[in-house]
Amino acid sequence: MKRIIWFYFLIGCCINASVFAQQVTVAPNLQTGAIDALTVHGDKSGMNWILKTDGSQYAWIKENYGWGLGYFTETLERESMKREWKTPSEISAGGMEATYREGNILIRVKRQPEQNDLVETYTFINEGSDAVYLSDIGIYTPFNDNYPDAVTCINTRTHAHIWEGGTAAYVNALRMGNYAPHLGLVVTGGSVKSYEIWERGHRKGNSHYRGVITLNPPNTLLKAGETCSIAWRLFSHSGSEDFRNKLLDLGSVLASCNKYIFEKGETARVEFRSKQPLKNCSIKKNGVPLPTEYEGDVWFAETLMEQAGEVRFDFCYGEGKQTHAACLVFGSIDSLIEKRTRFIRDRQQMNNPADLRDGAYMVYDNETDKIYLNDTPNANPVDRDEGAERVGMGILLAKQYLLTQDTALKSSLTRYAKFLREKLQTGDYVTYSSVDQKGRIRGYNYMWVASFYFEMYKVTGDRQYAEDGYQTLQAMFRRFGYGFYAIEIPVLSSLQSLKKAGMKSEYDDLKDDFFKTGDIFIQNGLNYPKHEVNYEQSIVAPAVTFLTQLYLETGIQKYLDEARHQLPVLEAFNGFQSSYHLNDIAIRHWDGYWFGKREMFGDIYPHYWSAQTGVAFYYYAQCTGDPTYRQRAENIVRNNLCLFFEDGKASCAYLYPYKINGIKAQLYDPYANDQDWALVSYLTVNDK
């Protein structure tokens, strides 16, 4: 297919010794009017920031998903029809301007250089004689966010951090390796209200591919002859701080809040920052105006969070412009955790002596309001079983017992410990996920069961639990060796428990096992091996957590040095959007399919394993004394609390996009499955 490469600005001045304000290179498609490639001049990796749409990268991604193509639903005289623009009626010689006609709507796409950046404008014109209502408008922006393997990801894939923040919407596309150059998109005209994900599925990339990202302008009514438009600007940048500065330089606004999850009675300070003079500025709390102050380049308001529930702060400015911050208020976090642990104890523990799973903590279906027995035909039984990730409930209850000394919890835990040892483990500590002791044997399970045993040693003082924990880890190393990046490797918990139990030989042996593991992590560096997902946040976060814990226990500098080396790669998973769903929450987008009732792939904000990044930051702060990482850790684990409800129920995932594969999302999945690890992380980070 005939394409041209169009270079549209010169290399700018040097930002630092190795990073330049670099030109963007675009490759228009002369048949569709879309963009086939976006690269940054001087990028040694030659990274294309968008998916290939010729079927060569993914067979199901074809030209109809090209950057800048899209769709809308047209409603005319009560009849609705979905329309797509994908074949231009007119296109300029260079491919930088294209016109499409769909029904009575004319769509004009124009791309032009402006200083060092590329500006794209999409204009919708009603050429009919009657008013038309346009809804579900989507413009394809297929960022190259997917996971072939660690090396490919770190060098030539992006984490696309999307903020559908109205007239101040943006996408901060960070290279996964967190080294410059990166790509930014900021809305400069019109608005983005939400985004969608397309082409997800078990046979379409499975857990290794985020999908086709689509930005949604707001619905609009166009009278005859009327137009509406959206414009955005694409630019290169050297990292998130540079990205923020460039957004402000370009006239956008950034929102932030001192916290995003509050307890009743706490004070929120919401800020909106701009480098440009703004008129008609106001801040509203759930639609009610607040006294607004101005200081430097910041408009801010302070308000008491008096009522539980979601709180939305809207910042209105200029001529009808608006962006926002989203917060959530609980009555009491301690009470929230107490209600959750009581709910698990009373309603999620199997109480049926005739069932082999008697004593197990089970998945709970919030729609049917009862334990899910994992017997639904054609469902995914593996990730809803009575073991594996569900062990997090036991660890949570053990930690809660240590805080409360609740004897009812202890009784429940004793039953659960007996279930684990007798039903999910063999005599030599081979560990399974289900009582039939069939199916795959996962390395993760060993770490989680061992962690539970060490918590039970703290609960009871019974040396047998420390022995069980030790032997479970030994069984894991025998089967999986020392190169497994397991989530929740209990370095400090295990070693300190063995030391307290007087098990010196076991302590020395296990510490030697951890040294062997840490040395492999150092040897691998950023070349992370594939696990159940090719490359993900919960491979990198456990590595940093393990290395920092090993440093804290031993003081050996090389482990902290390697943690510091890997930390930027972990940070690249996180954005800074002004919402409790998103702020410093790692991108994850497959767990809703495997663990949820709705079985939907797509972005999950938050998914509880995102709290593992908070744990990594927590231990890193302990190693270095850097309070910034401690604050970020607390923010991350607090934001994960939105997965828990005041009645003691919970959800394994929040499906964040407006739609996924055309199906409405923006919902909490009905299964309470494995999310209680988020509370385990919360207690860890808060020294409980």
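**Exercise 1.** Find how strands β13 and β17 run relative to each other, and which residue of β17 is the bridge partner of Leu-185.

*Solution.* Step 1: strand β13 (residues 182–189) and β17 run antiparallel, joined by 7 bridges. Strands (E, at least two residues) and helices (H or I, at least four residues) are DSSP runs, numbered from the N terminus, and two strands pair if DSSP finds at least two bridges between them.
Step 1: the bridge partner of Leu-185 in β17 is Leu-234.
Step 2: β17 also runs antiparallel to strand β9 (residues 117–126), with 8 bridges. There, Thr-121 stands opposite Ala-231.
Step 3: of the 11 residues of strand β17 (residues 227–237), 8 are buried, so the strand is largely enclosed by the rest of the structure. Buried means under 20% relative accessible area, exposed over 50%, and partly exposed in between (1.4 Å probe, protein chains only).

The model is a predicted one: local features need pLDDT of at least 70 and side-chain atom pairs count only at pLDDT 80 or more, while totals for chains, interfaces and linings use all residues. Residues are numbered from 1 along each chain as its sequence is written, and side-chain values use heavy atoms, with hydrogens and water left out.

**Exercise 2.** Compare where the partners lie in two salt bridges, Asp-242 with Lys-246 and Arg-632 with Glu-571.

*Solution.* Step 1: the side chains of Asp-242 and Lys-246 meet at 3.6 Å, N to O.
Step 1: these two residues both lie in helix α2 (residues 240–249), 4 residues apart, about one turn of the helix. An α-helix has 3.6 residues a turn, so residues three or four places apart point the same way.
Step 2: Asp-242 and Lys-246 are both buried.
Step 3: in the salt bridge of Arg-632 with Glu-571, the closest N and O atoms are 2.6 Å apart. Arg-632 lies in helix α14 (residues 627–639) and Glu-571 in helix α11, so this pair ties together parts that are 61 residues apart in sequence.
Step 4: Glu-571 is buried, with a relative accessible area of 17%.
Step 5: the structure holds 55 salt bridges. A network of them links Asp-383, Asp-385, Glu-389, Arg-390, Arg-440, Arg-442 and Glu-532.

**Exercise 3.** Examine Glu-562: which side chain of opposite charge is nearest, and which residues does Glu-562 touch?

*Solution.* Step 1: Glu-562 lies in helix α11 (residues 557–571).
Step 1: Glu-562 is buried yet has no salt bridge, and the nearest side chain of opposite charge, Arg-564, is 9.9 Å away. Lys and Arg count as positive and Asp and Glu as negative; His and the chain ends are not counted.
Step 2: leaving aside residues up to four places away in sequence, Glu-562 touches Phe-521, Ile-522, Gly-525 and Leu-547. Contact means heavy atoms within 4.5 Å.

**Exercise 4.** Identify what covers the buried residues of helix α8.

*Solution.* Step 1: 7 of the 10 residues of helix α8 (residues 491–500) are buried, so the helix is largely enclosed by the rest of the structure.
Step 1: among these buried residues are Val-491, Leu-495 and Leu-498.
Step 2: the cover includes α6 (443–460), α7 (463–480), α9 (504–524), α10 (537–554) and α13 (611–624).
Step 3: after α8 comes Gly-502, whose phi is positive, near 75°.

Note on methods:
A salt bridge is a side-chain nitrogen of Lys or Arg within 4 Å of a carboxyl oxygen of Asp or Glu.
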